[in-house]
Amino acid sequence: MGKNDKVSGNPGAKVWAVGGGKGGVGKSTVSIFLAFWLARMGKRTILMDVDLGGANLHTLLGIKSPPRTINDFITKKYSALENICINTETENLRLISGASEILSLANLQFAQKTKIIQNISLLDADYIVLDLGAGTSFNVLDFFLAADKKIAVLTPQPTSIQNTYAFVRNAVYRKLSRLSSRDPSLHALIKTSIDTKNELKMQTVKELFQFIQELRGEDVAESLRKEIEEIRPEMITNMVREPRDKNAGRIIQLVAEKYLMVHCADMGGVDYDRYVYTATSGMVALTRLDQSSDALACTYEIAMKLLS
Amino acid sequence: MNNQVERRSHTINRFLDGSIAIDSIDEFEKMLDIFPRNPAFHKAFADLLARERSFDAAVDEYREAAGLFIDVGMTLQAIASKISEWRIAGPSHHEGPAFHSALREGISGDIPVHNFFAKMSYPEIAAVIDGMVQIRLPAGKRVKKFYDAENDINFIVSGALNKRTYHHSGKEEEIRKISNTDMTEDDFFGDIYPFEEEKRSRSDIDTVTRVELVKISKPRLMSICGEHPDVELLLEEMYKAQSESGKESSSRMVRKTVRYEVPTKIKIRSFTDRDGSKNPLVIEGITRNMSLGGACIVMGARYLTGPSANMVGRNVNIQISVPEAEEALNVLGTIVWSNEVSDEERTTVVVGVEFKDMTVLDRERLKKYCYGSNEADNLIFNLWESLMKA
């Protein structure tokens, strides 16, 4: 991914992307809480729903029918993302809703995605929190890779851990693939290594780099290695019910380090909180949760860590 | 075969929590055939060779151990192996820098002790290693007493220690206990920095298991820092990282699991008679490591049939629960060594099983599991089993 893909062109605005492989792990909830705390700390924050196939961030914020959505930007009704921001109940917190009735928006075309990414950099904010969709489509990965903070949310379940690892792995290979797009032989080697059953028996990123080093020299391998080191995803384990559940993030950290040469940071856990469920079911804005809420308290600590 | 195993089993001694020590070179070579890439085995073998005064062979084994430790990211253990090697035969002009370069390349994660060593230049690390002393202590030994002068810094190479830290009000009767923590490999103790302060220990520190330490005295370290000022910066960074990560108790558990390869759930059916006609004893356990040739297995809590040495020579059927397989793998084998490992709460039995027979299909499945293309998922599954499952 070239430098031009960096979301944040505005030097003051930091972009946090919240993703993860599996649906239902609480990416939207965590995104809202993080954005809420940023706003409460006095940071001008925009929460952007990039889950274009199943946008519902507005609902979790208690907004039934957003007056403007990202669809209006894509269809050129509004020329800038800034114009489709809507205020929320929380001071300093605005929303860009992803709600759309256009199904094809879930499969954003390259030009549309580029237009969104470029426009994010023009937003007038201190922090922009992107709530990404589930899965590992190129669109999701590209938003994730372009952000300043790359946050992956998982739950303490084996399937979620596997999916989150797959998400990080796909992000690594997506980045390598884009970096090598103008170098056909290198690109082919990277594409081959994505399938772990490849005939060259390259099963890890380390092995891939060894191949690259042998075939293309130390400089090429080293430059790719440095690019991968920059990914540094931040893990948040959601719906933690007991202390050992917090090890989920550490599992990703260990496995990613070993097989992907990626240094993940374990940001800790968000406690399971039945009030989140109650608020969601009752269509009550999550930002109205009592601040004694366990989940909200945990995300405050995480937001502080991410800020430091 | 069983008679040979029984005869050989008499030579097996116990030491080190979970690892084995054998007082016969032949036995060690056999174990190394089963576990050729276990650095702790190579180091223990090197120790034995050194005791037997086979110094050339010991040097080779220490070197092998150091390389394998680096491969699995165990920086401090690699250094300890090199110290032993270089005590016998000092490094050549190119060997020292080559080790230093391998050490820096093998560094992974954010372990303060690893960073301390790996960030040093070659002249710096050479000076530090030269000043280090190796210490081996049995379980239950007091290493540091409350109010002892803090005169050295100790790095834990292997084993576990308990640290009871007290708040001292100034009057002896008002000493108040404030915390109790366990320390394991890659931790360090000894509050010697900043150097200008004359500090006294705020803790009692005792060994819980057999322990290996490497230590360096405060005066020696001060002298090194005088000559290499960057070492002092690294020392300061290490103390700072230690105080910041003091609350992270779970990380040690995670680290240890990874280093000892992936654990896998198994069920052992042990036949108490030679022909297998009696009802077998069924025990559950977790593999510490495993290959196509055998496995090191930590028995579950239900094993209670007397001295573990009685198990040696028994034929066993092992069911190995492999992820993604509908049925457990079935492997026939023989217990070739056993070892009792005790801590404060209970005694655990660790056994070594040599695999004898399995179907071609199971061999393929085991091969795929051990070396296959799905290693990351297997590791996730196994870390899940050991860290998160109730």
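## Chain B at a glance

Of the 390 residues in chain B, 38% count as buried. Keep in mind that you're looking at a predicted model. Chain B has 13 helices and 16 strands. If you take the contacts in chain B with a separation of 6 or more, residues 24 or more positions apart account for 66% of them.

## Two helices within chain B

Let's start with a helix pair inside this chain. Helix α3 (residues 39-51) of chain B packs against helix α4 (residues 55-71) of chain B, with the axes 8 Å apart and an angle of about 160°. Angles over 145 degrees count as roughly antiparallel, so that's the label for α3(B) and α4(B). Their crossing is left-handed.

Which residues of α3(B) meet α4(B)? They are Pro39(B), His42(B), Lys43(B), Phe45(B), Ala46(B), Leu49(B) and Ala50(B). On the α4(B) side, the residues they meet include Phe55(B), Tyr62(B), Leu68(B) and Phe69(B). Sorted by class, this contact has twelve nonpolar, one polar and three charged residues.

## The sheet in chain A

Now over to chain A. Here you'll find an open sheet of eight strands with mixed pairing, in the order β3-β4-β2-β5-β1-β6-β7-β8. At the edges sit β3 (86-87) and β8 (265-271) of chain A, each pairing on one side only. Strands of a sheet pair through backbone hydrogen bonds, either parallel or antiparallel.

For one pair from chain A, look at β1 (residues 14-19) and β5 (residues 127-132): they run parallel and are joined by five bridges. Within this pair, Val18(A) stands opposite Asp131(A) in β5(A). Helix α10(A) packs on the sheet, where it touches β6 (149-154), β7 (234-240) and β8 of chain A. The direction of α10(A) makes about 150° with that of β7(A).

## Where a helix of A meets a helix of B

Helix α10 (residues 247-260) of chain A also packs with helix α13 (residues 375-388) of chain B. Their axes are 10 Å apart and the angle is about 150°, so these two are roughly antiparallel as well. This time the crossing is right-handed.

What does α10(A) bring to this contact? Its residues are Asn247(A), Ala248(A), Ile251(A), Leu254(A), Val255(A), Lys258(A) and Tyr259(A). Among the α13(B) residues they meet are Glu375(B), Leu379(B), Ile380(B), Trp384(B) and Met388(B). The residues of the contact divide into twelve nonpolar, one polar and two charged.

Key. Residues numbered from 1 in each chain as written. Chains lettered and ligands numbered in written order. Predicted model: local features only at pLDDT ≥ 70, side-chain atom pairs only at ≥ 80, totals over all residues. Axes fitted to C-alpha atoms, helices over the stretch in contact; angles between N-to-C directions. Helix = DSSP H or I, 4+ residues; strand = E, 2+ residues; numbered from the N terminus. Parallel < 35°, antiparallel > 145°, perpendicular 65-115°, else oblique. Left-handed = near helix turned anticlockwise from the far one by under 90°. Contact = placed C-beta atoms within 7 Å. Nonpolar A, V, L, I, M, F, W, Y, C, P; charged D, E, K, R; others polar. Buried ≥ 20, exposed ≤ 12 C-beta atoms within 10 Å, placed from the backbone. Pairing = 2+ DSSP bridges.
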